[in-house]
Amino acid sequence: MVNAEFGGRATATKFILAGINSLKPLAGYHIAGELNKLLRPLQLMDSTSLAGQRSVCLSKSPGLPEGFSLNKKNSFDSLIRNPVGYTLSRESLVGAVTIPALLPGINFFVPPGRFAYYSFVVITGVVPDLHFAADTYHITTPLPPV
C-alpha cells in the first residue's frame, strides 16, 4: 500500500517536471527524488483516506514548493535576498510575479563567473490533485484548457 502512495507522489512529480521542463537544464542534481520527498508531508495531511490511499492535493497547500531550488550550489534565495512576490488566479488562469529592484551586492548576488546579462524566466503550470481509486491515482477534476 505504501508503494501506491509513492506512485501517487511520482505521478504528481511527473506533472511538476512537465511544467518546468524548459528549466530542467538548470538543475544541478536529480530533482525528481527531491520533489517526491517534498510531496510526502502533503500526502500525510490527508487524514480522511486510509494509509496507502492518501491523496496528493497541492491545491490544499499551494505554498508547499516555495523555497524548492533547482540548484543546490547557487540557490535562487542565495542570489536574490528579497522576497519575490506572486499572485495566482485559478479561475482566470492568470499569474503575476513581482521581482524587487535588484541592487548588486545588496540584495542581488551573482554566481561566480563573469556575466554581463541576467534573465529571469517565470513558468506557470497546472498540477492536478490526485486521488486514489481502483488501485491507482487519478485526476478527479478536469484540467483547464491551456
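Modeller: Let us start with burial: a residue is buried when its relative accessible area is under 20%, exposed when it is over 50%, and partly exposed in between, using a 1.4 Å probe and protein chains only. With that rule, buried residues make up 24% of the 146 residues in the chain. This is a predicted model, in which local features need pLDDT of at least 70 and side-chain atom pairs count only at pLDDT 80 or more, while totals for chains, interfaces and linings use all residues. Residues are numbered from 1 along each chain as its sequence is written, and side-chain values use heavy atoms, with hydrogens and water left out.

Colleague: How many helices and strands does the chain have?

Modeller: There are three helices and four strands, in the order α-α-α-β-β-β-β along the sequence. These elements are DSSP runs numbered from the N terminus, with helices being H or I of at least four residues and strands being E of at least two.

Colleague: And what box do the C-alpha atoms fill?

Modeller: Along the principal axes, the box is roughly 55 × 35 × 25 Å.

Colleague: How many salt bridges are there?

Modeller: A salt bridge here is a side-chain nitrogen of Lys or Arg within 4 Å of a carboxyl oxygen of Asp or Glu. The count by this rule is three.

Colleague: Which residue does Arg 40 meet in a salt bridge?

Modeller: Arg 40 pairs with Glu 5, at 3.2 Å from N to O. Arg 40 lies in helix 2 and Glu 5 in helix 1 (residues 2–19), so the pair ties together parts that are 35 residues apart in sequence.

Colleague: Is Glu 5 buried or exposed?

Modeller: Glu 5 is buried, because its relative accessible area is 1%. Arg 54 also forms a salt bridge with Glu 5, and their closest N and O atoms are 2.7 Å apart. Arg 54 lies in the loop between helix 2 and helix 3 and Glu 5 in helix 1, so this pair ties together parts that are 49 residues apart in sequence.

Colleague: What does Arg 54 touch?

Modeller: Counting heavy atoms within 4.5 Å as a contact, and leaving out residues up to four places away in sequence, Arg 54 touches Glu 5, Arg 40, Gln 43, Leu 44, Asp 46, Ser 49 and Tyr 137. Arg 54 counts as buried, because its relative accessibility is 16%.

Colleague: Where do Glu 34 and Lys 37 lie?

Modeller: Both lie in helix 2, three residues apart, about one turn of the helix. Lys 37 counts as exposed at 56% relative accessibility. Elsewhere, salt bridges that share partners join Glu 5, Arg 40 and Arg 54 into one network.

Colleague: Changing topic: in which sense do strand 1 and strand 2 pair?

Modeller: Strand 1 (residues 85–89) and strand 2 (residues 94–98) are antiparallel, with five bridges; pairing requires that DSSP finds at least two bridges between two strands. Gly 85 stands opposite Thr 98. The two strands form a hairpin with four residues between them, and Leu 93 in the turn has a positive phi of about 55 degrees.

Colleague: Where does Val 97 lie?

Modeller: Val 97 is in strand 2 and counts as partly exposed at 39% relative accessibility.
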